[in-house]
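Morning, everyone. I have one structure for you today. Please look at the screen while I talk.

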Amino acid sequence: MAERRKPMQAQDKLAFLLALVPYLMDRDRVSVAEAADHFGVEQEQLRDAVRLIAVSGIPGETNAYQPGDLFDIAWDDFEENDQIVLTHQVAIDDSPRFSAREAAALIAGLQYLTALPENADRDAIGSLMAKLARGASAAPSQLAVARSETDEALATIRDAVIAGVQVEFDYLSSRGERERRRVDPLRIESVDQDWYLRGWDHLRTAIRTFRLDRIDDLVATAEPITYRPGDVKLPETLFTGTDDDQLVTVDVSASAIRLIEDYIPEGAERAERAERGGIIRTSVRVAHFHGLKRLVAGLSGVLTVLDPPEARQVVAGWARAGAERYTGASDLHR
């Protein structure tokens, strides 16, 4: 014989009703038995609560309750099939909602996030996408996010993280050297539009960071990982220096200094240039001078390379070559 549940106190009943309303709003259709089991109440008590909700609402502009001011349910379904379907909701229909375009943009972003290793359990993301679609002011556009080579790499790494196995790949270093690496994948991070894999590099026997667009022939191996995220301490900064790095003196806008924090060596001098107001002179470390091109491109107008002369020449030559391409294109259209 089933154990009879204790009757609720008044405050428990109120908490139950307050929880039941959003529960029903979040579901298109639910059975009385399922809802009762969810809240741990008798089915008849659940039916009574639904009947109470159906005569509840908020007064309209006339300060009197009109039919449109009350919740309503599909009564035939409720009485004959023991199914609960809200057909009219109050106190939420007038709240701000995402537009169809906003909801579509958010859904696209969530689709992209499902490729990341830390989001390997995608049920919650799928549920959120469904809620966004239902809660938008209009039906969002049907869309799919096109996959790229980086997406494929993210998917492979995600599967390796789930399986707890090492990954192997050819890596083109910032010095232009290509080597085969075997890595315990620990974390995926992004900076601007670039994705990075951080993991234990078995070739270097240390934590290393790899840019995904420099990875080729990536495969998940059958070899179990040696280190898990809790076994090793990842540096706070994404980029870590080595003894082979070269130091470059730069002037950078004070407002942009935080954008190059990872490149500034610990203890490096930061001298504010009083004569140039808001400019800080400091040093950054790079694997080679050609690596400055990407840094300068992202900070155009706020960062100037000063020293050594070889670094200035590399950046100046790169900028000149880019300008000449535009000049050539304009000459063709004359």
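Predicted model: local features only at pLDDT ≥ 70, side-chain atom pairs only at ≥ 80, totals over all residues.

Now the overview. The protein chain has nine helices and 13 strands. It has 334 residues, and 34% of them are buried. The chain exposes about 20,700 Å². Carbon and sulfur atoms supply 50% of that area.

Next, a sheet. In what order do the four strands of this open sheet run? The order is S11-S12-S10-S13, and the pairing is antiparallel. S11, residues 271-273, and S13, residues 303-307, stand at the edges. Each has a single partner strand, so one side of each is left without a neighbour in the sheet. From one strand to the next, the twist averages 40°.

S11 pairs with S12, residues 279-286, in the antiparallel sense over three bridges. As for Glu272, its bridge partner in S12 is Ile280.

Now the cores. The largest nonpolar core holds 20 residues. Which of them touch the most other members? They are Val248, Val252, Ile260, Phe289, Leu292, Leu303 and Val305. Strands S10, S12 and S13 each supply at least two residues, and so do helices H8 and H9.

Pick out Val305. Which residues does Val305 contact, leaving aside its neighbours within four places in sequence? The list is Val248, Thr249, Val250, Leu292, Val296, Ala311, Arg312 and Val315.

Another core, of 19 residues, lies apart from the largest one. Its members include Tyr23, Val32, Ala36 and Phe71.

That takes us to helix H2, residues 32-39. Here Val32, Ala35 and Ala36 are buried. Why do they count as being on the same side of H2? Because they cover an arc of only 100° around the axis. Just after H2 comes Gly40, with a positive phi of about 70°.

Last stop, helix H1, residues 10-25, where you will find Lys13. Is Lys13 buried, exposed or partly exposed? Its relative accessible area is 45%, so Lys13 is partly exposed. Ala49 is 36 residues away from Lys13 along the chain, yet their C-alpha atoms are separated by 9.0 Å.

How values were computed: Residues numbered from 1 in each chain as written. Heavy atoms only, no water. Pairing = 2+ DSSP bridges. Axes fitted to C-alpha atoms, helices over the stretch in contact; angles between N-to-C directions. Buried < 20%, exposed > 50% of the residue type's maximum accessible area, 1.4 Å probe, protein only. Areas by Shrake-Rupley, 256 points an atom, 1.4 Å probe, with all protein chains shown as cover. Arc of directions from axis to C-beta. Core = buried A, V, L, I, M, F, W, Y, C linked by side-chain atoms within 4.5 Å. Contact = heavy atoms within 4.5 Å.
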